[in-house]
Amino acid sequence: MKRLQFTYKLNISLDAPVQHHCFALRCLPQSDSRQQIKTLEYTVSPKDFLSLGKDQWGNLLAYGSFRGESKTFQVEVTGLAETGLSSCDPGGPPEREQIFAFSTAMTAADPALTEYAAIITGEHSLESAEQVMALLHTTMRYVPGSTNVHTTASQAFHQGQGVCQDFAHVMLALPRLRGIPCRYVAGMLPGEGRSHAWVERPFHNRKFPAAVFLMCFLPFPADGV
């Protein structure tokens with residue numbers, strides 16, 4: 001078990017002022033079987049109204065609005081977390097995971113990526129997930145600045161390089177071609193001063209047939225962290 005202090009800052013500057021804007025923020029960590037959030041503080045500016053709730057997936061959600069006019073938007077989240085309590089987390093009902101089996105605009109596979117997926121063996125198993133992760137480590141290179149937030153999985157795979165979000169998008173695209181649910185996760189890694197992206201896949205446990213256990217996979221090579 002480790003105690004980690006974390007700080008997350010978001011600063012947005014606009015070319016022209018906006019008026020009466022609303023916001024929904026999913027950048028607040030919460031306690032689960034893997035970690036316990038001991039302290040949590042967050043500020044949002046500007047705002048007239050701010051409230052805390054949860055979305056349909058159980059994620060903490062800070063939402064609010066500002067009726068005035070502004071060209072900036074700032075968020076800061078700080079706190080203390082105890083991590084390493086467990087290697088996996090029980091998810092929700094198994095039927096809810098199927099929404100993560102569908103491709104999105106960022107993870108839709110082109111013919112080249114579809115052909116590459118044919119070499120993956122196994123079905124909804126831990127081995128197949130580890131195989132995809134190992135293949136990406138040898139197929140793609142971690143190159144900062146080689147892509148941007150609009151780069152799709154197919155584009156990153158075609159150029160053979162990218163950053164953590166691109167590796168994650170490719171690792172999402174491959175199992176989804178076979179109807180296997182998986183989801184994109186953004187967060188912070190211990191000792192890092194920036195956020196990272198990785199992939200979470202559900203696995204069923206015979207001892208707990210009504211639960212889904214979520215396991216994380218780092219699709220980018222270790223030297224890219």
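Biologist: Why does Glu82 count as buried?

Modeller: Good place to begin, and keep in mind that this is a predicted model. Glu82 has 10% relative accessibility. The cut-off for buried is under 20%, so Glu82, at 10%, counts as buried.

Biologist: And why is Arg3 called exposed?

Modeller: Arg3 has a relative accessible area of 53%.

Biologist: What makes the contact of Arg3 and Glu82 a salt bridge?

Modeller: Their side chains meet at 3.0 Å, N to O. The rule asks for a side-chain nitrogen of Lys or Arg within 4 Å of a carboxyl oxygen of Asp or Glu, so the 3.0 Å between Arg3 and Glu82 qualifies. The pair links distant parts of the chain: Arg3 sits in strand 1 (residues 2-25) and Glu82 in strand 4 (residues 60-83), 79 residues apart.

Biologist: How many salt bridges does a search of the whole structure find?

Modeller: The search finds 6 salt bridges. Another of them joins Glu200 and Arg34, with the closest N and O atoms 3.1 Å apart. Glu200 lies in strand 9 (residues 195-205) and Arg34 in the loop between strand 1 and strand 2 (35-45), so this pair ties together parts that are 166 residues apart in sequence.

Biologist: Are Glu200 and Arg34 buried or exposed?

Modeller: Glu200 has 5% relative accessibility, and Arg34 has a relative accessible area of 18%. Buried means under 20%, so both Glu200 and Arg34 count as buried.

Biologist: Which residue in strand 8 does Glu200 pair with?

Modeller: That is Arg183, in strand 8 (residues 183-188). The side chains of Glu200 and Arg183 meet in a salt bridge at 2.8 Å, N to O. Salt bridges that share partners join Asp32, Arg34, Arg183 and Glu200 into one network.

Biologist: Why is Arg183 called partly exposed?

Modeller: Arg183 has 26% relative accessibility.

Biologist: Which residues make the nonpolar surface patch of about 190 Å²?

Modeller: Ile12, Leu14 and Val18 make the patch. Ile12 is found in strand 1.

Key
Residues numbered from 1 in each chain as written. Predicted model: local features only at pLDDT ≥ 70, side-chain atom pairs only at ≥ 80, totals over all residues. Heavy atoms only, no water. Helix = DSSP H or I, 4+ residues; strand = E, 2+ residues; numbered from the N terminus. Buried < 20%, exposed > 50% of the residue type's maximum accessible area, 1.4 Å probe, protein only. Patch = residues over 30% accessible without salt bridge, like charges linked within 9 Å, V, L, I, M, F, W, Y side chains within 5 Å. Areas by Shrake-Rupley, 256 points an atom, 1.4 Å probe, with all protein chains shown as cover.
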